[in-house]
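Here is a friendly tour of one protein chain, going from its overall build to a handful of individual residues. Have a look at the sequence and the structure first, and then read on.

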Amino acid sequence: MAERSGDYEWRIEGEEAEGLLYGPDESVLSYPRLRSGIEAATRLPGVEGPVYAAASPHGGGWSVSSSSHVAPGLVSAPRAGVLLVASSPVEKLGLTPDGLSRLLERRLAEIPIPALDDAAVYAACESGGRWAAEEGFIEEEDLDLLGSPVVWGEPDALGGRAVSAGGREWNPRGGDPVRAMVVGEVFDSEAAEETGVYKGALVFSASVGSSELGRIALEGHRQRILSRDFGDSERLVAAPAGTGEAADLTAAVGAATNYAIARLSLLVYALRRAMREVAGGLIPAAQWIIGGIEECDGAMVHRNALARLGPGEPLVCGDALACGTGAMLQSAPPFSPGAGDRWPWEEAGTLKRITRLRPPGDLGE
């Protein structure tokens with residue numbers, strides 16, 4: 001049963017906790033995967049407070065905290081996102097909008113990507129962006145953003161199949177991972193200045209996942225936990241904190257997070273080389289992590305398709321650069337809420353817009 005509690009907010013009854021769902025309209029209540037995920041999260045042993053969720057036609061996810069258990073089925077495989085600002089402003093590019101898009105696609109495809117063996121995948125899973133800096137793909141000064149957050153991960157917890165998949169899917173350029181945009185209207189000039197963006201700036205947004213490595217690792221740990229007698233597995237597959245199963249799951253998720261950051265660093269390397277002669281240097285302005293498990297104040301925060309985002313921390317959300325408010329267990333939706341004069345995520349208090357981002361087709365406006 002769902003009850004409307006605000007313009008963009010619904011409360012959903014749960015077993016051990018209630019769900020709090022944010023969305024642009026009532027259609028989000030009909031998303032079966034999201035509703036089943038929220039209901040499963042309310043059954044998490046040791047659940048603290050409500051299960052927070054957000055949904056729109058462009059995506060959906062949830063965050064839930066437990067003081068006593070971890071559950072692999074409530075977590076999405078980690079992804080890493082980044083925003084880069086070009087040192088050359090838009091008016092100096094000398095390119096048509098279509099020309100920029102074609103140039104980006106062609107040059108990015110031409111940059112050679114080195115293959116990784118299992119040993120290199122292990123190293124990337126241990127230290128993420130720091131591994132990329134040691135290999136020369138990014139600069140030491142990039143580590144303030146691209147090397148953060150520092151995540152503890154243990155590659156041995158991933159399993160051999162996951163590590164092998166990481167080598168096969170190392171190339172991060174598939175699936176159109178890069179968007180070129182122009183900074184339009186500025187809503188918060190102080191936050192924009194702190195982030196390093198300005199009206200008319202050319203920016204690139206990219207997002208890279210842990211792919212099959214993360215998916216195989218999560219499924220492997222789900223099966224391992226399921227094989228143990230930890231209670232009613234029909235309710236939810238979860239492991240108590242302090243068990244080897246719980247420790248290995250969090251270690252694997254940390255390693256998958258580092259792997260996603262390393263892949264993103266490699267994409268930054270390729271993008272810089274591809275656009276160097278046109279856009280000048282590309283400076284990292286923000287990085288964010290989507291999905292995974294995080295320990296916070298003695299509890300385990302599970303995130304599925306939501307970004308880890310503290311107050312004032314920026315990310316790209318659809319056609320906006322926005323910053324977190326600290327709501328939803330310091331989580332935020334990285335997907336667009338949809339079109340409209342009112343911005344549901346801002347109205348609901350989950351994100352605050354910094355600037356509007358325009359597509360390359362608006363370069364000439």
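## Surface and overall build

Accessible areas here come from the Shrake-Rupley method with a 1.4 Å probe. On that basis, the protein chain exposes about 15200 Å², and carbon and sulfur atoms supply 46% of that area. Please keep in mind that this is a predicted model.

How many helices and strands are there in the protein chain? The count is 11 helices and 16 strands. The C-alpha trace spans about 65 × 50 × 30 Å along its principal axes. The radius of gyration of the protein chain is 20 Å, which agrees with the value near 21 Å that a compact globule of 365 residues would have.

## Burial, contacts and charge

Of the 365 residues in the protein chain, 56% are buried. Taking contacts between residues at least 6 apart in sequence, 72% join residues at least 24 apart.

As for charge, the protein chain carries 32 positive and 52 negative side chains. The centres of these two sets lie 5 Å apart.

Tyr22 lies in strand β3, which covers residues 19–22. Its relative accessibility is 7%, so Tyr22 counts as buried, the cut-off being under 20%. Beyond its neighbours within four places in sequence, Tyr22 is in contact with a set of residues that includes Tyr8, Glu9, Tyr52, Ala53, Ala54 and Ala55, as well as Met328, Trp345, Ala348 and Thr350. Arg179, in contrast, is 157 residues from Tyr22 in sequence and 26 Å from Tyr22 in space, C-alpha to C-alpha.

Ser56 belongs to strand β4 (residues 51–56). Is Ser56 buried or exposed? Ser56 is buried, because its relative accessible area is 2%. A polar atom of the Ser56 side chain lies 2.6 Å from the backbone oxygen of Ser336.

## Ser65 in strand β5

Ser65 is found in strand β5, residues 59–66. With 4% relative accessibility, Ser65 counts as buried. Not counting residues up to four places away in sequence, Ser65 touches Leu44, Gly46, Val47 and Glu48, and also Ala299, Met300, Val301 and Leu329.

Where is Arg43 found? Arg43 sits in the loop between α1 (32–41) and β4. Its relative accessible area is 22%, which means that Arg43 is partly exposed. The side chain of Arg43 reaches the backbone oxygen of Glu39 at 3.4 Å. With residues up to four places away in sequence set aside, Arg43 touches Glu15, Glu16, Arg235 and Leu236. Ala17 is 26 residues from Arg43 in sequence, with 7.4 Å between the two in space, C-alpha to C-alpha.

Gly73 is found in the loop between β6 (69–70) and β7 (79–86). Gly73 is partly exposed, with a relative accessible area of 48%. Gly73 and Ala53 are 20 residues apart in sequence, and their C-alpha atoms are 15 Å apart in space.

Technical notes
Residues numbered from 1 in each chain as written. Predicted model: local features only at pLDDT ≥ 70, side-chain atom pairs only at ≥ 80, totals over all residues. Heavy atoms only, no water. Helix = DSSP H or I, 4+ residues; strand = E, 2+ residues; numbered from the N terminus. Rg over C-alpha atoms; globule rule 2.2 N^0.38 Å. Buried < 20%, exposed > 50% of the residue type's maximum accessible area, 1.4 Å probe, protein only. Contact = heavy atoms within 4.5 Å. Lys, Arg positive; Asp, Glu negative; His and termini not counted. Charge placed at Lys NZ, Arg CZ, Asp CG, Glu CD. Polar contact = N/O pair within 3.5 Å; in protein donor to acceptor, adjacent residues only side chain to side chain.
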